[in-house]
Amino acid sequence: MTATLLVAMLSELFPNGISHYAIGGLFVGLGVAVIYLGTGISAGASTFLESTLSYGSSLSRFQQYRPSRDWRVVFTLGIVAGAAVYALAFQDGIWTTDVQWWRLLIGGILVGIGTRVGKGCTSGHGVCGVGSVSGTSFIGVATFLFVAIGVAQLVQALGVSP
């Protein structure tokens, strides 16, 4: 494959360039490394809700994450704040989607259920799990990708738009 063909393929797949993806990936990797070196815990975000509920509930299900709940709140707020700072600095504002609120809500609920069933989220398995050479995470990431590609193709074939 020639370099020109590769550039043409990348230009079609990434019409806005790849540099911001690469920079974002470096920041994600740096954040994961800092959290792991500082706490010895992988930085998956899927347990955020359960750990946060431990502040107001005494149920044992929520108490298992109590020792890590403080950093998980800071971690999640950092993700939201980082995205907001970027949006304010480089875009027209924080809210930049045409997707209807109810679709975002249903999608969020389905993703939440999926993270519990899959024993973690794509970021946890994809960044932390694959980075630590976890066989379970390799299988999880492959499953996430195949299902996501299939659903995207189905949705596109059905003509669904935001």
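The questions below move from the overall fold to one surface patch.

Reader: How many helices and how many strands does the secondary structure of the protein come to?

Author: The model is a predicted one. Read along the sequence, the pattern is α-α-α-α-α-α-α-α. The count therefore comes to eight helices and zero strands.

Reader: What percentage of the residues of the protein count as buried?

Author: The C-alpha atoms fill a box of roughly 55 × 35 × 35 Å along the principal axes. A residue is buried when its relative accessible area is under 20%. Of the 162 residues, the share that counts as buried is 19%.

Reader: How far apart are the mean positions of the positive and negative charges?

Author: The protein carries 7 positive and 5 negative charges.

Reader: Is I109 buried, partly exposed or exposed?

Author: I109 lies in helix 6, which spans residues 101–117. Its relative accessible area is 47%. Buried requires under 20% and exposed over 50%, so this value makes I109 partly exposed.

Reader: Which residues form the nonpolar patch on the surface?

Author: Patch residues must have over 30% relative accessible area, and I109 has 47%. Together the patch members have about 880 Å² of accessible area. The members are W101, W102, L105, I106, I109, L110, I113 and V117.

Methods. Residues numbered from 1 in each chain as written. Predicted model: local features only at pLDDT ≥ 70, side-chain atom pairs only at ≥ 80, totals over all residues. Heavy atoms only, no water. Patch = residues over 30% accessible without salt bridge, like charges linked within 9 Å, V, L, I, M, F, W, Y side chains within 5 Å. Areas by Shrake-Rupley, 256 points an atom, 1.4 Å probe, with all protein chains shown as cover. Salt bridge = Lys/Arg side-chain N within 4 Å of Asp/Glu carboxyl O. Helix = DSSP H or I, 4+ residues; strand = E, 2+ residues; numbered from the N terminus. Buried < 20%, exposed > 50% of the residue type's maximum accessible area, 1.4 Å probe, protein only. Lys, Arg positive; Asp, Glu negative; His and termini not counted. Charge placed at Lys NZ, Arg CZ, Asp CG, Glu CD.
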